[in-house]
Amino acid sequence: MAERIWLDVPYAEKDQAKTAGARWDPVAKRWYAPRRGMTALEPWAAAPDVPDLLPGEDRTLGEGLFVDLVPSSCWFTNVRSCVTPRDWERLRRMITRRAGMRCEACGAAENRDAKRWLEAHERWVYDDAACTQRLKRLICLCTDCHTVTHYGYAQLRGLESKAFAHLVKVTGMSRVEARSHIRYAFNMWEARSATAWTLDLSILTDAGVTVQRPPRAGERRGVAAATLAAERGIPRPAPAAADAGEIVARIAVERGIALPSSHRTPEAQSRPGDRAVPGPRGEKAPSVLRRLFRRG
C-alpha cells in the first residue's frame, strides 16, 4: 500500500475535509488525502508530529485515578481553548498514540457502543507564590475516568453517581475512603479558587505548538457562563451580566439542588420545598454548588 498522505483535520472540520475529498483510515484513526495534488485539502496539510515527550513534561505526575478539580478562577481555560484546532488535533493524536490507545488510569480502550472515548487531560502544578498554574503533563483518559477527575462538573451534569461508582471501582477505595478523598479535593479546589492564576504553557510552546492568549482572569467567568449555557440550552446572559454563577444557579433549579436564597434565581426563590440532592446511595455529597456559593 502506498504511503498515506496524512492530514491534520480537527473534529469540527471533518465534514468540510470529507467534502473536499479526504478519506478516513479507521485503523490509524486519521484523515488522509487519497492522492497528491489535491489543492482543496491544502488547509489540512499535516504539520510535523509533536514529540512523544514534551520539553519539561513529567509523565510520572499524577498517576492513577483521582479527583482533579480545576479552580473556578480557571474554568474553561484549558489547553484545548489555548491552542489552534489543528494543533489540538496534533496533541490529541500524540497523547492517545503514546498511551497505546488505552486509558492511562483504568486501561480501557475506546468503545463507541459504550460511548467511551479517549480524551486528553491536563495535569497542573501550582506555584502559590507566583500565582502560576503550570502545565506539567498531558494524560490520556477514557470518558469515564475523565468524568471522575472533573467531579464538580459531573455533579452539574447529573453524573455524580456514575462518577462515584467508577472512582470506587478503579481505585479499590471503600465508599468511605472515596468520600473522604472527594472532600479533600473540594477543600483544595476551594482554596485554589481564591487565586487568579496565570497559565504557564511553556511545555507546549517549547515543542513548537502555537498558543493563543488564554482569557484573562476577569474574562473567565464569562467564558464559563457561555459554555455552560450552550451545553444546557440556556439563553446567555447579557455581556455585562455574564456570570458562571447565574448559569450554575439555573442548572441547580433544573436538578432540584438547594442554594442559599441570596444566590437563587427568581424561579428557585418562588419554588417551595427545595431539596438538596444527596450523594450516591443516600450519602451526602460535597456539592460543588454549595461550595461555589459559600463565598458569595
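Biologist: Hi! What do the side chains of R4 and D25 meet in?

Modeller: The R4 and D25 side chains meet in a salt bridge, at 3.3 Å from N to O. A salt bridge here is a side-chain nitrogen of Lys or Arg within 4 Å of a carboxyl oxygen of Asp or Glu. Keep in mind that this is a predicted model, where local features need pLDDT of at least 70 and side-chain atom pairs count only at pLDDT 80 or more, while totals for chains, interfaces and linings use all residues. Residues are numbered from 1 along each chain as its sequence is written, and side-chain values use heavy atoms, leaving out hydrogens and water.

Biologist: Which parts of the chain does the R4 and D25 pair link?

Modeller: Distant ones: R4 lies in the segment before β1 and D25 in strand β2, 21 residues apart. Helices (H or I, at least four residues) and strands (E, at least two) are DSSP runs, numbered from the N terminus.

Biologist: Is D25 buried or exposed?

Modeller: D25 is buried, with 9% relative accessible area, whereas R4 is partly exposed at 24%. The cut-offs are under 20% relative accessible area for buried and over 50% for exposed, with partly exposed in between (1.4 Å probe, protein chains only).

Biologist: Which residues are linked in a network of salt bridges?

Modeller: D8, R30, D49, R86, E89, R92 and R93.

Biologist: Switching to the sheet, what order do the three strands have?

Modeller: The order is β1-β3-β2, in an open sheet with antiparallel pairing. Two strands pair if DSSP finds at least two bridges between them. At the edges sit β1 (5–6) and β2 (23–25), each pairing on one side only.

Biologist: How many bridges join β1 to β3?

Modeller: Two, with β3 covering residues 30–33. W6 stands opposite Y32 in β3.

Biologist: And the chain as a whole: how many helices and strands are there?

Modeller: There are 12 helices and six strands. The chain has 296 residues, and 44% of them count as buried.
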